[in-house]
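Subject: Structure handover

Hello,

Here is the structure for you to look over. My notes on the fold and the pockets follow below it.

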Amino acid sequence: MHRLLASRRSFSPFLAILVIGSSFAACAPWELGEDDTPDIGDPGSVAVAAEPPPAISGGTLAVSKSALRAVAADPDRDRVWIVDLQAQKLTAEIALQKGDEPGRVVEDDAGRFHVALRRGGAVVTVDADSGTIVDRRDVCPAPRGIAYDAQTDELHVACVGGELVTLPAGPGAATRRLKLDRDLRDVVVDGDRLLVSKFRSAELLTIGADGAVMEQKKLPKFNLFGQEFAPTVAWRTIKLPTGGVAMVHQRALIAPVEIVEGGYSSGGCDGSVVHSTVSEVGTPDSDGQPNLAAALPSATLPVDVAVSDDGLSYAVVAAGRSEILVTSSANLNVAKGAPEGTCVEAEQRVPVEGEPTAVAFAGSSVVVQTREPAGLQIFGGIDATGNRVTQVITLPGESRKDTGHEMFHRNASGPMACASCHPEGGEDSHTWVFNPIGPRRTQFVSGGILNTAPFHWDGDMSGIEAIMDEVFERRMGGMHQGPRRVKIFARWIDSLPAPPVSSAPDAEAVARGDALFHDKAVDCASCHAGAQLTSNESFDVGTGKPFQVPSLVRIGARAPFMHDGCAPTLKDRFTNPACGGGDRHGKTSQLSDAQLDDLVAYLETL
């Protein structure tokens, strides 16, 4: 019997400062002094990592085909751990270059493991028997997904910049480089086709054997209690053993969000404006269409998913609550054909000691990787006394505990965290409609955002204290945070680097666009200047009222554009005066179509 939920409580999370609508705030980088001790309103002790750890990406664990070995990438410590699951012991610790930030891991038919280095721009190949690196090859500035093609003995790597790179599993240079849409996430081999997910929009591209895009599939909107939710943030997409793929992703409220004292009001599961689910696409009984999966309430920050060998069970990492949710495909598909969506509870909620970031099945057991403390936890069956059998394999990595990192990702008592709408320190590409404020596009929070105060599109938040008082506490019902915790939080946000930028295909076009951008007759650089490419001021540029000048750092990766998301592409920003504001927003109406292309080419390099 499925447990159906129909809660209409208002959204009131504990740690969700940065979600929905506008840019994060602070006046300057924060220094921590010896007198910054917790005060009466400070909940709990604090920890400050020597170097701020990276945002959680999830999906950093692979279990061998034999189910006897686990290979865990550790982006917090730039390590790869190799663990004997049968003996329950660490067999190798492989040190990578500082800042490599290892991510996805895949095994080939020769028993080698290949790891995508998210900031190292490369794929490293590991011999698990000897515990050594046997190859390292550059692929793109920001590799994310990686898949092994057994038919051709090749690897396929999907990158943030839109590159899809194919290279041999053994030694050798890339054999093919495609340029697709930006924001690629995971890649799955499906016969002679590749299925590639897009991170923020939760779309799925089908790539034919000739490299052409055969289809771009959007997941369906979801109607819950009369309110629509749009699919966003595809944290992980995996191959199903029975055919097709499963995508763990979020959905965000499309309907207006009521701003009330103590919480944003919503009719979603648990009253949340964001919920999680696992959608199946291309399964044998689906006619190739995505299923309308039920909402999975309180799966806060679903950064990874694994599927059992028979394809019947899913394990989802709820990083925001330190839980693993184990549920069946049948449970999630209870909403199929229903006139309105459904909320279902997972059959099992397994608490995890520490901060889980990745999960995999090893036969009937579930293996969970924790980032802090570094380790693996193996959850087996139930023993004769009714207790769950759990083995813990502690890894020797140094502590990376950091209160700022934890505040951004954790919400033990609510359905959302800051990272729900700012995944990996970025944004969810969603335009929220706040009543009575209006539509507001979620903004980027990495790449030095602390230097762009005041904040919010309306410039109505002078600094982090204003964010804490007005948004975190009054609007979202969060607990008051003491000054030391606020400073630690600001320190971690300030450490978030912008995503690596891909090289421009046409350097001459970029140079021409650079000249146009800085031409006083075009007048872009008068507002978009300095390290953050913003004047930190508000102007009415013909879009209805004064708005803050946004930073253009990595603007090319942040579609759609404008405060209300009205421009799907950068080119649309210039060609649609009703959206971009016309010549009050840079004097570009006199530019030719070719000149606009040059200007866009330059913007995409920022």
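Helices (H or I, at least four residues) and strands (E, at least two) are DSSP runs, numbered from the N terminus. By that rule the chain has 9 helices and 36 strands.

This is a predicted model: local features need pLDDT of at least 70, side-chain atom pairs count only at pLDDT 80 or more, and totals for chains, interfaces and linings use all residues. Residues are numbered from 1 along each chain as its sequence is written, and side-chain values use heavy atoms, with hydrogens and water left out.

Burial: 60% of the 606 residues count as buried (under 20% relative accessible area, 1.4 Å probe, protein chains only).

Pockets next. A pocket is an open set of points on a 1 Å grid over the protein atoms alone, where a 1.4 Å probe fits, with protein on both sides within 12 Å along at least five of seven lines; lining residues have an atom within 4 Å of a point. Volume is the space filled by probe spheres set on the points, which are joined across faces, edges and corners.

The largest pocket holds about 1100 Å³. It has 34 lining residues, and V63, V106, R236, I238 and K239 are the closest to its centre. Elements giving two or more residues to this lining include strand 2 (61-63), strand 6 (102-107) and strand 19 (227-239).

The second largest pocket has about 890 Å³. Its lining has 30 residues; S201, E203, S429, A559 and P560 lie nearest the centre. Strand 19 gives the largest share of that lining, 3 residues. Helix 7 (570-575) supplies at least two.

Best wishes

Conventions:
Buried < 20%, exposed > 50% of the residue type's maximum accessible area, 1.4 Å probe, protein only.
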